Amino acid sequence: METITSIKPLLAVLVSLCVVPLLMSSRSPNVREAWTFVAASAKFLIVASMLPVVFNGFEIVYTVAEVIPGVAIKFRVDALGMLFALVSSSLWIVTSVYSIGYMRGLKEHSQTRYFCFFALALSATIGVAFSANLLTLYLFYEMLSFATYPLVTHHQDEEARSSGRKYLLYIVGTSIGFVLPAMLISYNLSGTLEFSRQGFLAGTGSRGLTGVLLVLIVFGFAKAAIMPFHSWLPAAMVAPTPVSALLHAVAVVKVGVFSVVRVLTGVFGINLLISFDFGPFIIFVASATILVGSFIALSQDNLKRLLAFSTIAQLSYIVLGVGLLSPQGMTGGMVHIAMHAFGKITLFFCAGAIFVATGKRNISEMIGIGRRMPVTMTAFFIASLSITGLPPCGGFISKWYLVLGSLQAHQMPVLFVLLVSSLLNAAYFMPIVYKAFFCTPQEAMFEKGVKEAPAFCVVPLVITALISMVLLFYPQPFFGLADMMVKSITGG
Amino acid sequence: MSQHYPALLVIVPLLSAFLISAAGWLNKRLCFPIAVAALSVACFSSVLLLFQVLDEKVVLYKLGGWSPPWGIAYSVDYLNGLVLVVVSVVALLNLIATQRNVEQEFSEKIGAFYTLYILFVTGLLGIVVTGDAFNLYVLLEIASLTGYGLIAMGENRAPLATLNYLYMGTIGASFYLLGIGYLYIVTGSLNMADISAILPSLYHSKTVLAAFVICIVGVWLKMAFFPLHAWLPNAYTYAPSAVSSLIAPLMTKVIIYVMIRLMLTVFTPKYIFSTLNVSDSIVWIAVIAIVMGAILALGQRNLKKMLAYIIVAEVGYMVGGAWLGNRAGMTGAILHIANDALMTLCVFLVVGNIVYKVKGYAFEDLKGLFRKMPFTMGAFVVGAMSIIGVPPTCGFFSKWYLISGAIQAGHYGFMVALLFSSLVNVILFFRVIEISYYEPFENHHGQESHPGKIAEAPLTMLVPLLIVAAGLVVVGVYTGDIVNHIIEFAIPKGIV
Amino acid sequence: MSDLIPFIVAKYNYWIYITLMMIGLYAMIAKNNLVKKIVGMNIFQTAIILFYVSIGAKKGATIPIIEHAHGDAHGAVSHTIEIAHYINPLPHVLMLTAIVVSVATLGVALALAIKVYNRHKTLEEDEIIDQIKGI
């Protein structure tokens with residue numbers, strides 16, 4: 001595959017870093033939010049401008065500095081990175097709008113800090129998407145961990161403090177304790193950390209050592225929330241909703257999964273995983289997380305916690321897809337990055353909108369709310385269909401491909417897992433929708449005058465819900481990118 | 001002019017120390033500018049000297065024209081060229097950054113303070129630049145004696161802590177002197193290069209072994225290598241803040257340089273790693289040092305002492321890395337001398353700023369500091385990241401080389417210790433960050449960004465601090481160049 | 001036993017310096033009084049100075065000034081210089097510096113002791129520690 005050297009990937013990372021001083025120095029909220037908006041749009045445009053190049057079969061490369069012999073801080077834009085960058089940068093624009101509505105609606109404190117770290121976190125996310133080697137990926141992964149800490153603990157109270165502790169302990173503990181040694185051992189085995197199509201570990205270590213590395217990496221990227229390293233995610237739900245929405249449904253967790261996918265394909269390589277027969281291990285871990293996560297979600301009353309457990313389960317779909325090691329399974333997994341992002345962010349937006357409008361967090365208090373907030377709850381309904389994997393929503397495509405993939409890989413138990421999980425998804429989402437629209441008696445629990453949240457909150461969630469639907473009929477460019485990536489990995 | 005840089009480096013600060021002393025009597029306001037000028041010259045010459053080394057490999061300066069081994073020679077190669085730059089830059093930055101601290105903490109003794117300060121730096125620069133083993137002892141004592149004086153200027157418990165430091169430091173230096181005496185008995189020379197040329201035929205001599213053991217123990221005492229660290233935490237804690245941020249980054253690091261110099265130049269790697277069969281055990285002691293340093297740091301309830309124990313652990317990093325016996329480990333140790341000096345400077349300058357505004361450094365004094373001093377605390381976070389080892393700060397890269405060395409040497413204990421210490425550092429620093437970020441608890445809901453009262457340290461303190469913090473990232477990004485162009489040549493070819 | 005005595009006697013200078021050193025070290029570790037510790041430290045340093053001085057000495061040798069070398073070309077040729085006839089001056093010269101260092105250390109240490117005394121009104125270490133803990 002031919003490469004082009006261009007500074008664009010670096011620009012895409014830097015654009016939101018550069019806006020931080022502007023955010024800090026801007027005096028009025030309007031100016032500050034305007035800058036956020038400008039940065040978000042600029043970032044999206046830069047990312048989008050690289051899309052045709054990637055579609056034409058080129059890779060964009062940019063080296064910043066060689067820090068360790070054979071390893072540089074280096075960016076490479078390929079199909080998978082493009083897919084992820086496109087998802088996160090487009091959702092940043094939407095979330096910025098939503099943040100403005102949410103933060104103003106609740107008159108939150110320290111909004112400048114909030115927008116600054118949000119911008120930082122987005123830089124790190126794009127950095128992860130475009131990293132060309134494991135070191136660069138680790139760099140931005142850690143940057144994201146620390147940049148999101150002030151966001152998660154935004155409220156600065158006891159609860160935020162203990163959640164923040166848990167968050168850091170899991171995320172940083174695993175990345176230093178597991179990923180760092182794995183990275184160093186890989187470097188000493190192969191002398192490089194550059195992601196390659198076949199994986200750079202191929203033919204360097206024994207099955208046992210490779211297995212250890214695999215375990216370290218799969219669990220080490222704890223942002224992917226694979227059990228038993230998942231419990232930071234529900235804890236992190238103390239954050240303001242836009243943070244939960246973008247970071248804990250899209251950026252942070254997706255960075256985790258993206259890293260796992262990237263390492264499985266670029267470091268180990270599909271062929272190595274097949275020849276050492278590691279697929280079943282990944283499938284087992286992912287399936288267990290899917291089922292357990294869904295079951296726990298069933299028992300939640302706090303809407304954001306429910307969504308958190310749902311996220312844990314959904315993330316493992318992506319890992320599962322790659323673990324199937326069959327082309328269609330992998331395509332399904334990668335497309336699910338996009339599909340789940342749009343669906344889940346809508347759900348979080350809805351939860352936030354309900355909180356802004358009514359101050360309610362628990363599902364049991366939301367009975368009959370559909371009458372007061374019809375637009376929000378309709379969006380909620382659409383998004384939950386998408387997550388469940390039902391038409392007319394984009395989630396259907398990814399699940400369909402996962403099913404095809406498991407058939408292709410002759411993994412019948414996976415089929416069962418997918419089926420049960422879909423049923424469970426329906427079982428925890430549909431009652432919410434039903435109660436919201438069809439149960440009237442409790443409507444008295446809302447104060448008079450409760451209606452839709454401010455337009456800044458509602459418009460974004462309508463947009464993302466619509467996109468979720470459109471993606472079924474027009475899944476480009478995400479599907480094309482995933483397809484390209486899988487073809488280049490499998491060589492077919 | 002250009003051939004005199006090695007001498008200028010030492011002479012200019014030495015003479016200006018006397019000038020400052022005189023100025024202290026006449027007009028106290030003159031002291032600071034003279035000190036800055038002296039260290040700027042030193043800084044300037046050390047940087048030019050490094051460039052000269054990059055061209056000529058070794059710069060030899062014969063003091064008084066006497067050629068070695070009879071005369072004292074200053075010899076600068078890649079290894080001390082790098083360390084010289086680190087020492088002079090750190091000393092200069094700290095001098096500027098702590099001017100206000102000095103005025104606040106002992107305004108009457110400004111003359112004495114700056115005299116000692118410059119003499120201390122002279123001593124350190126001399127230790128690094130000299131190629132003569134006995135000369136090193138003298139300069140070591142100059143640095144130590146002035147160091148005692150500086151530390152003793154601190155608060156209540158400082159004199160006693162200094163006295164304990166003095167006992168241990170004197171024993172350490174005396175041991176070093178004794179070891180050099182044994183080396184002199186067998187080789188008849190005090191010039192480092194000369195000794196290493198004579199030694200190979202004497203590798204199996206018991207006297208050389210005795211010399212080696214005594215020297216190394218002396219040096220360990222001075223660098224506070226666990227379990228010989230007992231003097232360090234109190235001395236560094238009770239010292240005035242302007243002194244802690246000078247001595248903590250430099251003293252231990254320079255002594256580690258001395259150890260590496262002894263290993264690489266005086267006793268030669270062949271003797272150290274092949275003839276003696278001790279490197280594995282020493283790395284294990286380093287492992288214990290790292291683990292114990294980390295654990296002891298966990299038990300502290302004040303910021304300065306916590307940082308002091310982190311230094312004990314960091315010393316373990318460098319000693320362990322140097323004794324791994326491979327190129328990666330040695331690279332890590334040398335790189336960490338520079339990186340650790342910078343990051344320790346960063347965090348201790350933060351302490352200086354906090355002391356300046358809050359008059360305390362116990363954990364309870366840190367409450368609400370993120371709101372009050374956002375830039376200082378921002379720099380603290382960067383320093384903390386570097387000590388934890390988060391890329392792209394420089395601390396990550398030295399840790400990378402150290403762990404890489406451990407893997408290559410098959411010494412997994414050392415690898416685990418380094419990872420353990422990183423994790424403990426996360427806890428240590430985030431405990432501090434939590435206190436200064438959350439407390440005092442308030443209910444923030446429903447308050448549109450209420451006016452936080454920012455009470456930052458003055459710009460003269462803040463700007464150097466931010467430069468250091470930015471430097472941590474810049475040095476991190478340029479690690480590749482530092483290793484490829486300097487450290488690569490500092491390590492003898494024999495070590496692979 | 002009969003071997004041991006010549007062994008000790010032949011290298012008596014080493015035994016003396018080691019004994020002195022240990023006395024000094026003992027005082028530094030075991031004594032409770034800060035000034036006694038300082039005295040111990042000084043003994044310790046002196047031991048090393050004596051060690052250096054002793055290694056430069058030679059039996060029957062003289063000070064290192066070459067005789068009959070002044071102005072007379074014939075004399076210089078006829079008197080070849082036997083190194084064994086002269087003691088090695090270098091260690092002694094070095095010790096001049098070391099003595100200066102040790103005196104300076106002593107001075108600093110005593111000054112510190114005075115400072116400690118002014119603050120705590122005692123020089124006994126255990127009492128000072130009690131005071132600090134009491135505060």
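Two strands pair if DSSP finds at least two bridges between them. In β2(A), Val61(A) is the bridge partner of Thr5(A). Helices (H or I, at least four residues) and strands (E, at least two) are DSSP runs, numbered from the N terminus. This is a predicted model: local features need pLDDT of at least 70, side-chain atom pairs count only at pLDDT 80 or more, and totals for chains, interfaces and linings use all residues. Residues are numbered from 1 along each chain as its sequence is written, while chains are lettered from A and ligands numbered from 1 in the order in which they are written.

**Chain contacts**

- Two residues are in contact if their C-beta atoms, placed from the backbone, lie within 7 Å.
- Two pairs of chains are in contact, and chains A and B share the most contacts.
- Chain A and chain C have no contact. Their closest C-alpha atoms lie 33 Å apart.

**Chain A against chain B**

- Chain A contributes 30 residues and chain B contributes 30 residues.
- On the side of chain A that touches chain B, β2 (58-68), α5 (111-130), α6 (134-152) and α7 (158-190) of chain A each supply at least two residues.
- α7(A) gives the most to that side, with 13 residues.
- The side of chain A that touches chain B holds 15 nonpolar, nine polar and six charged residues. Ala, Val, Leu, Ile, Met, Phe, Trp, Tyr, Cys and Pro count as nonpolar, Asp, Glu, Lys and Arg as charged, and the others, Gly among them, as polar.

**Chain C against chain B**

- This contact draws 25 residues from chain C and 22 residues from chain B.
- On the side of chain C that touches chain B, two or more residues come from each of α3 (34-56), α5 (90-120) and α6 (125-134) of chain C.
- α5(C) gives the most there, with 13 residues.
- The side of chain C that touches chain B has 19 nonpolar, three polar and three charged residues.

**Helix packing around α18(B)**

- Two packed helices are described by the angle between their axes and the distance between the axes. Axes are lines fitted to C-alpha atoms, for helices over the stretch in contact, and angles run from 0 to 180 degrees between N-to-C directions.
- α7(A) and α18(B) pack at about 60°, with axes 10 Å apart. That makes α7(A) oblique to α18(B). Angles under 35 degrees count as roughly parallel, over 145 as roughly antiparallel, 65 to 115 as roughly perpendicular and the rest as oblique.
- The crossing of α7(A) past α18(B) is right-handed. A crossing is left-handed if the near helix is turned anticlockwise from the far one by less than a right angle, and right-handed if clockwise.
- Leu184(A), Ile185(A), Tyr187(A) and Asn188(A) of α7(A) meet Trp400(B), Ile403(B), Ser404(B), Ile407(B) and Gln408(B) of α18(B). These residues divide into six nonpolar, three polar and no charged.
- Within chain B, α18 (residues 394-408) packs with α19 (residues 412-438) at about 150°, with axes 7 Å apart. That makes α18(B) roughly antiparallel to α19(B).
- α18(B) passes α19(B) in a left-handed crossing.
- In α18(B), Lys399(B), Leu402(B), Ile403(B), Ala406(B) and Ile407(B) meet α19(B) residues Tyr412(B), Phe414(B), Met415(B), Leu418(B) and Ser422(B). By class, the contact of α18(B) with α19(B) has eight nonpolar, one polar and one charged residues.

**The sheet of chain A**

- Three strands of chain A form an open, mixed sheet in the order β1-β2-β3.
- β1 (2-5) and β3 (71-77) of chain A stand at the edges, each with a single partner strand, so one side of each has no neighbour in the sheet.
- Neighbouring strands of this sheet are turned by 40° against each other on average, direction ignored.
- β1(A) and β2(A) are parallel, paired over four bridges.
- Helix α1 (residues 8-25) of chain A lies across β2 and β3 of chain A, at about 70° to β2(A).

**Backbone exceptions**

- Most residues other than glycine have a negative phi, and most peptide bonds are trans.
- Met227(A) and Pro228(A) are joined by a cis peptide bond, with omega about 10°. Pro228(A) lies in the loop between α8 (207-220) and α9 (232-235) of chain A.
- Ala225(A), in the loop between α8 and α9 of chain A, has a positive phi near 55°.
- Phe226(B) and Pro227(B) are joined by a cis peptide bond, with omega about 0°. Pro227(B) lies in the loop between α9 (206-223) and α10 (232-238) of chain B.

**Confidence in chain B**

- pLDDT is the predictor's confidence in each residue, from 0 to 100. Chain B has a mean pLDDT of 88, and 97% of its residues reach 70 or more.
- Over residues 445-451 of chain B, pLDDT stays under 50. Where pLDDT is low, the predicted coordinates should not be read in detail.
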